[in-house]
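This briefing concerns a helix pair and the pairing of several strands. Please view the structure below before reading on.

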Amino acid sequence: MAAGSARYVRYILLAFFVIAVLYFISTPSSVVTPLKDNFGKFQQSTGNSKPSTGSTTGSTAGSTTGGTTEVAHDEKTPAKSNGADYDPAQYPLAMTPNDPGWNDLSGVKGGPRMNATFVTLARNGDVWEIAKSIRSVEDRFNRRYNYDWVFLNDKPFDETFKKVTSSLVSGKTYYGEIPTEHWSFPPHIDQEKAKKVREDMRQRKIIYGDSISYRHMCRFESGFFFRQPLMMNYDYYWRVEPSVEFHCDIHYDPFRFMHENNKKYSFVLSLYEYFETIPTLWDSVTKFIKNHPEHIAEGNSMAFLSDDGGKTYNKCHFWSNFEIGSLNWLRSKAYTDYFESLDQDGGFFYERWGDAPVHSIAAGLMLKKEEIHFFNDIAYYHVPFTHCPTGEQFRLDRKCHCNPKENFDWKGYSCTSRYYELNGLPKPEGWQDQSD
């Protein structure tokens, strides 16, 4: 009888053991946590916030522009969405230390994402300098948001460039080759005349005055980057160049801020253009204004651009190596009419018109002044200028590492004071200490 009881006990213990083994085998080793995807719908994540890199898929034929599109991480470009399918009140932006979520800087941020991308024009030889820029953007912002990054080049990107950049970006990376017609002399340009201009500027030692590639770059950034096949699926862009640095933590999504506040263009640095590079640009602009009054907005920023109601240009512009803006605005009839008018006048090649004054004048004339935003809290450096926010506590709250003595905002060659005055904004306390 005792032997039988012991046998039953052994059977019961064995059964419990088998059940326990089966339970541990069937239970996943990691907890699956739902995260918000780009447009407010839930997706499943096993804890790895970065998409699998996979291998670069080579290239596929570009669309009507005739360029080549190379895609890494994915075999198709992202689906288009306007980001309107969410309630902003459910996902408040942490703009100040008193806002909920201010200290939530670890892991992937929940909530909606805009249909937006970083965009960089670079060459293969820029790989290590753009790597520094990417690292800065990711550390200060994108590691929590995982936005895509589009890279554009007038030549095919090599494997080193693609491997390095795709390993650093937390979102998907895309690589596009610019079509020849977007990086060449248009048919109406007199090549001999353009050559003489470059030689004259070389003799006068005007920066980039003798460069053909610089002129192609300025024309491309002025009129074509937003028309590239890879860019057509996005609504907002954030331009990043090699060798730039972001000095402060960014606690909220600037793309969402732009969308929710109806902003269409933004900047962090502004200054006066070198007049020798744009002597007839304003003449072309005034001709466009006369021919297209329907494109000029009421309540615009003409006072930022001109001191005499538009008779002359004061040379103020937003420095376009940093800009966050609306691609839909750039693709609008107003902007494309403007670019085509300037392009026909030939100043990109007969002078040395830069994309910064071209963008700035367009924004100043075609947008209401409220649609242009100064991102004071995005501290930024591009040689030789720094935007370092004024106010010690402001910088400490955002863990900034810039030197406030190097802040360019209130220097005599900056135009940021004009922006403040035009918009009736009070200057931050202590700005006088950073002026000339």
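At what angle do the axes of helix H2 and helix H3 cross, and within what distance do they come? The axes of H2 (residues 127-140) and H3 (residues 159-168) cross at roughly 10 degrees and come within 9 Å. The model is predicted: local features need pLDDT of at least 70, side-chain atom pairs count only at pLDDT 80 or more, and totals for chains, interfaces and linings use all residues. Residues are numbered from 1 along each chain as its sequence is written, and side-chain values use heavy atoms, with hydrogens and water left out.

**Helix pair**

- H2 and H3 are therefore roughly parallel to each other (angles under 35 degrees).
- To the contact (heavy atoms within 4.5 Å), H2 contributes Val127, Trp128, Ile130, Ala131, Ile134, Arg135 and Glu138, while H3 contributes Thr160, Phe161, Val164, Thr165 and Leu168.

**Three-stranded sheet**

- An open, antiparallel sheet is formed by three strands in the order S9-S15-S16; strands pair if DSSP finds at least two bridges between them.
- Strand S9 (245-246) and strand S16 (385-387) are at the edges with a single partner strand each, so one side of each lacks a neighbour in the sheet.
- Two antiparallel bridges join S9 to strand S15 (residues 380-382), and Phe246 lies opposite Tyr380 in S15.

**Strands S8 and S13**

- Strand S8 (residues 236-239) pairs with S13 over four bridges in the antiparallel sense, with Trp238 opposite Ile324 in S13.
- In S13 (residues 323-326), Glu323 and Gly325 point one way and Ile324 and Ser326 the other way; all are buried (under 20% relative accessible area, 1.4 Å probe, protein chains only).

Key. Axes are lines fitted to C-alpha atoms, for helices over the stretch in contact, and angles run from 0 to 180 degrees between N-to-C directions. Angles under 35 degrees count as roughly parallel, over 145 as roughly antiparallel, 65 to 115 as roughly perpendicular and the rest as oblique. Buried means under 20% relative accessible area, exposed over 50%, partly exposed in between (1.4 Å probe, protein chains only).
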